[in-house]
Amino acid sequence: MYHSQLISFARLPSKSVARFRTLSKQWASILRSTDFTKLFLSRSSNRPRLLFAVERYKCNEWQFFSSPQSQNRYEKSAHLEFHSKFSGDVSHYICSYASGLLYFPAVHIVDTETIVICNPITGMYTGLPVIMKDRRSRGFLVFDPVDKRFKAFDTHFILTLGSGELKWREKNIPCPLYERCSSNQGICINGVLYYLAKTVLVETVFGLTFLIVRFDVSSEEFKFIDAARFNDRLKDPTRLSLVNYMGKLGVTDCKCVDAGGRRTVELCLWVLEDVEKLEWVKYVYTLPENEVLASCEFSVAGVTATGDIVLCMKYTCKPYYVFYFNPEKKTLQTVEIQGFGAKLEEVENRGEVFAYVDYVEDLSLNDAKQLKSSISHVKSLCPCCQKLVQPENIGEVV
C-alpha cells in the first residue's frame with residue numbers, strides 16, 4: 001500500500017504535492033519522506049523541462065515559466081506552466097542558474113541593492129550580504145556535488161549556503177588580471193564552473209584576449225584556460241555561449257550565412273576534449289533551412305542530455321519558437337511554445353527570454369530552509385515615477 005501511494009503521488013507536479021501535504025498528517029508524512037523525495041526526483045529526471053526566465057526590462061519585472069522538453073521529434077507544440085514572478089531592477093548583470101535555483105547578483109529593491117537567490121518554481125528566495133560597500137556583485141551560484149551544498153562565487157570571494165552565518169570569505173590566488181564578460185553566462189559541469197573573461201596581456205601592451213576561468217566548486221581551486229581562439233569575438237562576445245556538451249565544456253557561436261542563395265544559420269561548436277592538455281575540437285554545422293530561425297534574434301539555451309542543441313527566440317512574441325538541432329542526424333525540430341500570455345506577446349510589452357535546458361523538479365530544493373521568503377512580496381520602485389510598486393500587481397503604484 002505504501003509503495004503504491006508513493007508511485008501515485010510521484011506522478012503529480014510539485015505544486016500539487018505541496019497542496020496535498022496540507023490536507024492530512026498522513027499524506028504530509030508520506031510526501032516529506034526521503035523515499036518519496038528520491039522517487040519524485042527519479043521520475044522528474046525522466047521528464048526534463050525547459051525553464052524560462054523572462055525579463056521585462058522597462059517594468060523591472062521577471063516572470064518564470066517551464067514547459068516539457070521535447071523528447072519526440074514529431075512534437076510541434078508545448079504549453080507553458082507559469083510559476084512565479086517578482087519585481088526589482090536586476091538589469092545590471094545577467095542572472096546565473098545552478099541545479100534548479102537562479103542567482104541575481106544585483107537586485108535593486110526600493111533603495112537597497114541585494115544579491116538574491118530564488119527558486120523560480122516556488123517563488124521562495126533569500127538575500128545575501130553584499131561583499132563590500134559600493135562594489136556590485138558579478139557572481140554565480142554553483143552546486144558542490146561532494147558536500148551537497150550551494151555556494152555563491154564572485155571573483156575570489158566565496159559564500160557557502162547552509163553553513164550557518166551567511167558570510168563571504170576571500171580566497172587569495174595568483175592569477176592574471178581579468179574581468180568577467182558580464183553578458184555571458186557561466187556553466188557548471190560535474191561540479192566545475194567555467195566562465196568567459198577578458199584579460200590584459202602585459203607583453204602585448206594593453207592587448208585584450210579571452211580566457212576561460214575554471215573553478216572547482218568542491219576543492220575551490222582555480223585554473224585559467226587560454227581562449228585566444230575566440231578573440232575575433234572580442235567586440236561582440238554575446239554571440240558566444242558556454243554549454244555542457246555531453247559532460248564536456250563546449251563553446252558555441254551562431255551566425256546567419258548565405259548558403260547557395262538561401263539564408264540559413266551556421267553553428268560553430270568547440271569542445272574541450274582534454275582539459276589538461278587543452279585540446280579543442282571544432283565542429284561547423286549548417287542548419288537545415290528554416291525561415292523563422294533565419295529571420296529572428298535567437299540564443300543558444302544549451303545542450304540536452306541526449307545531445308540536442310537548443311536554440312530559442314530572444315524575445316517573447318506570438319508565435320514563439322524553440323528549435324532542437326541534432327548534430328548527428330543533422331535534423332532541426334521546430335516547437336511552438338504557447339502560454340506566455342497576451343501581454344508578453346505584444347511587441348511593446350515583450351520580454352527578453354533566458355532559457356535553461358534539462359530542468360528537473362527536486363522537492364529537496366522546494367523544502368530548502370535557506371529560502372524563507374516569497375519573492376512575490378519583494379517591493380521595488382516604479383522606473384518611471386519612482387513610487388512604490390505593489391508586488392502582487394506589478395505596474396500599479398501606491
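Contact here means heavy atoms within 4.5 Å. With that in mind, here are some notes on this predicted model.

1. **Around Phe340.** Leaving aside residues up to four places away in sequence, Phe340 touches Phe52, Val54, Phe65, Leu80, Thr316, Tyr320 and Glu345. Phe340 is also among the residues with the most contacts inside the largest nonpolar core, together with Phe52, Leu287, Leu311, Tyr320, Val322 and Ile337. That core has 40 residues.

2. **What builds the core.** The elements giving two or more residues to this core are strand 1 (49-56), strand 18, strand 20, strand 22 (298-303), strand 23 (309-313), strand 24 (320-326), strand 25 (331-338) and strand 26. Strand 24 gives the most, with 6 residues. Apart from this core lies another one, of 20 residues, and it includes Tyr194, Leu196, Ile225 and Leu234.

3. Glu61 stands opposite Ser87 of strand 4.

4. **Ser67.** Please have a look at Ser67, which belongs to strand 2. Its relative accessible area is 0%, so Ser67 counts as buried. Not counting residues up to four places away in sequence, Ser67 touches Arg49, Leu50, Phe52, Ala78, His79, Leu80 and Ile337. Two of the residues named there, Phe52 and Ile337, are also listed among those with the most contacts inside the largest core.

5. Strand 20 (residues 262-274) pairs with strand 21 (residues 279-286) in the antiparallel sense, over 8 bridges. The two strands form a hairpin with 4 residues between them. In the turn, Leu278 has a positive phi of about 55°, a spot to check by eye. Leu267 has Tyr285 of strand 21 as its bridge partner.

6. **Charged pairs around Glu220.** The whole structure has 11 salt bridges. In one of them, Lys151 pairs with Glu220, and the closest N and O atoms are 2.8 Å apart. Lys151 sits in strand 10 (residues 149-154) and Glu220 in the loop between strand 16 (207-216) and strand 17 (222-226), so this pair ties together parts that are 69 residues apart in sequence. Both Lys151 and Glu220 are buried.

7. Because Arg169 lies in strand 12 (residues 169-170) and Glu220 in the loop between strand 16 and strand 17, the pair ties together parts 51 residues apart in sequence. How accessible are the two partners, Arg169 and Glu220? Arg169 is partly exposed, with a relative accessible area of 38%, whereas Glu220 is buried, at 9%. A network of salt bridges links Asp144, Lys151, Arg169 and Glu220.

8. **Arg239 and Asp253.** The side chains of Arg239 and Asp253 meet in another salt bridge, at 3.0 Å from N to O. This pair links distant parts of the chain, with Arg239 in the loop between strand 17 and strand 18 (240-245) and Asp253 in strand 19 (residues 248-259), 14 residues apart. Arg239 is partly exposed, with a relative accessible area of 30%, while Asp253 is buried, with a relative accessible area of 2%.

9. **Cysteines.** How many disulfides are there? The count comes to 0. Cys254 counts as buried because its relative accessibility is 12%, below the 20% limit.

Key. Residues are numbered from 1 along each chain as its sequence is written. This is a predicted model: local features need pLDDT of at least 70, side-chain atom pairs count only at pLDDT 80 or more; totals for chains, interfaces and linings use all residues. Side-chain values use heavy atoms; hydrogens and water are left out. Two strands pair if DSSP finds at least two bridges between them. A salt bridge is a side-chain nitrogen of Lys or Arg within 4 Å of a carboxyl oxygen of Asp or Glu. Buried means under 20% relative accessible area, exposed over 50%, partly exposed in between (1.4 Å probe, protein chains only). A disulfide is a pair of cysteine sulfur atoms within 2.5 Å. A nonpolar core is a set of buried Ala, Val, Leu, Ile, Met, Phe, Trp, Tyr and Cys residues joined through side-chain atoms within 4.5 Å.
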